[in-house]
Amino acid sequence: MKLIMLGPPGVGKGTQAQQLSKEFGIPQISTGDILRDAIQKKTVLGEKANTFMSKGELVPDEVMLGIIQETLFSEHAPEGYILDGFPRTIAQAEGLQNLFEEHNDALNAVLSLEADENQIVRRLSSRRTCRNCNALYNLLTMPPKIEGKCDLCSGNLYQRDDDRIETIQNRLRVYKQQTEPLIGFYKSLGVLKSINASGAPEEVQKNIKRQLED
Ligand code: AMP
């Protein structure tokens, strides 16, 4: 199964992808996590990516396509996966389609998660992430059992730098301009599935499963 999670930042792509990953036994591949990991390890990629990420801007397409080619089309690539946070521009989506064609491969579905903007801003500003295992929490809807600690590994929870209100506004602007056009792109390929993502995480998961069974 090869899936893409599409939708604005904060709509719940990561939470849903983590759930689907457990369910189907395939990895969640989050380009945001790959970049944050590179920043923490202070690699050349990390230093380059940080200049864009800290402002809520997109990392250049050729850098992202390089990461995707290495992760999904090398010898060690997984058989199935859930892509979370890629593609984010038409150029990335076209690059990915070209890679699929070259490798005689294809996507199963693109899940387009939809919710209203006020809800998204609220979710993003109350999101917390585990420093150790990247598990996601929300202080309002999915709080950890012990404040500041991950339920799964007891790692420390932190607020991402780009989840602060000024950066959130910019990320939403960037999403509208550069990523939203992908809905039309994948609709025309016949793989788009629209998901109502305004409910609780378990409800959204049910909506996704229903759509995948259709
Ligand atoms: P995310 O964790 O998916 O919200 O991504 C956090 C940040 O990483 C984004 O705001 C971008 O700066 C960068 N990023 C992640 N994925 C991509 C991508 N596919 N293209 C460009 N930038 C990306």
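A salt bridge is a side-chain nitrogen of Lys or Arg within 4 Å of a carboxyl oxygen of Asp or Glu. In the predicted model described here, Arg127, Arg160, Asp162, Asp163 and Arg171 are linked by such contacts into a network. The structure as a whole holds 11 salt bridges. Side chains of opposite charge can pair when their charged atoms come close.

Asp37 and Lys41 meet through their side chains at 2.8 Å, N to O. Asp37 has a relative accessibility of 34% and therefore counts as partly exposed, while Lys41, at 57%, counts as exposed. In the salt bridge between Arg164 and Asp161, the N to O distance is 3.7 Å. Arg164 is partly exposed, with a relative accessible area of 38%. Asp161 has a relative accessible area of 58%; because exposed means over 50%, this residue falls in the exposed class.

The overall dimensions were examined next. The protein has 214 residues, and a compact globule with that number of residues would have a radius of gyration near 17 Å; the value for the protein is 16 Å, which agrees. Along the principal axes, the C-alpha atoms fill a box of roughly 50 × 40 × 35 Å. The accessible surface comes to about 11,200 Å², and carbon and sulfur atoms account for 47% of that surface. Of the 214 residues, 50% are buried. When contacts between residues at least 6 apart in sequence are considered, 68% of them join residues at least 24 apart.

The secondary structure consists of 9 helices and 8 strands. An open sheet is built from 5 strands, which pair in parallel and follow the order β2-β3-β1-β4-β8. The edge positions are taken by β2 (28-30) and β8 (192-196); each has a single partner strand, so one side of each is left without a neighbour in the sheet. From one strand to the next, the twist averages 25°. Strands of a sheet pair through backbone hydrogen bonds, either parallel or antiparallel. Within this sheet, β1 (residues 2-6) and β4 (residues 109-114) run parallel and are joined by 4 bridges. Met5 stands opposite Leu111, a residue of β4.

Helix α2 spans residues 31-40. Its buried residues are Thr31, Gly32, Asp33, Leu35, Arg36 and Ala38. The cover over these buried residues comes from both helices and strands: it includes the helices α3 (44-53) and α4 (61-72), together with the strands β2, β3 (81-84) and β7 (157-158). Two of the covering strands, β2 and β3, also belong to the open sheet.

How values were computed: Residues are numbered from 1 along each chain as its sequence is written. This is a predicted model: local features need pLDDT of at least 70, side-chain atom pairs count only at pLDDT 80 or more; totals for chains, interfaces and linings use all residues. Side-chain values use heavy atoms; hydrogens and water are left out. Two strands pair if DSSP finds at least two bridges between them. Axes are lines fitted to C-alpha atoms, for helices over the stretch in contact, and angles run from 0 to 180 degrees between N-to-C directions. Buried means under 20% relative accessible area, exposed over 50%, partly exposed in between (1.4 Å probe, protein chains only). Contact means heavy atoms within 4.5 Å. The radius of gyration is taken over C-alpha atoms; the globule rule is 2.2 Å times the number of residues to the power 0.38. Accessible areas come from the Shrake-Rupley method with a 1.4 Å probe; for residues, only the protein chains shown count as cover.
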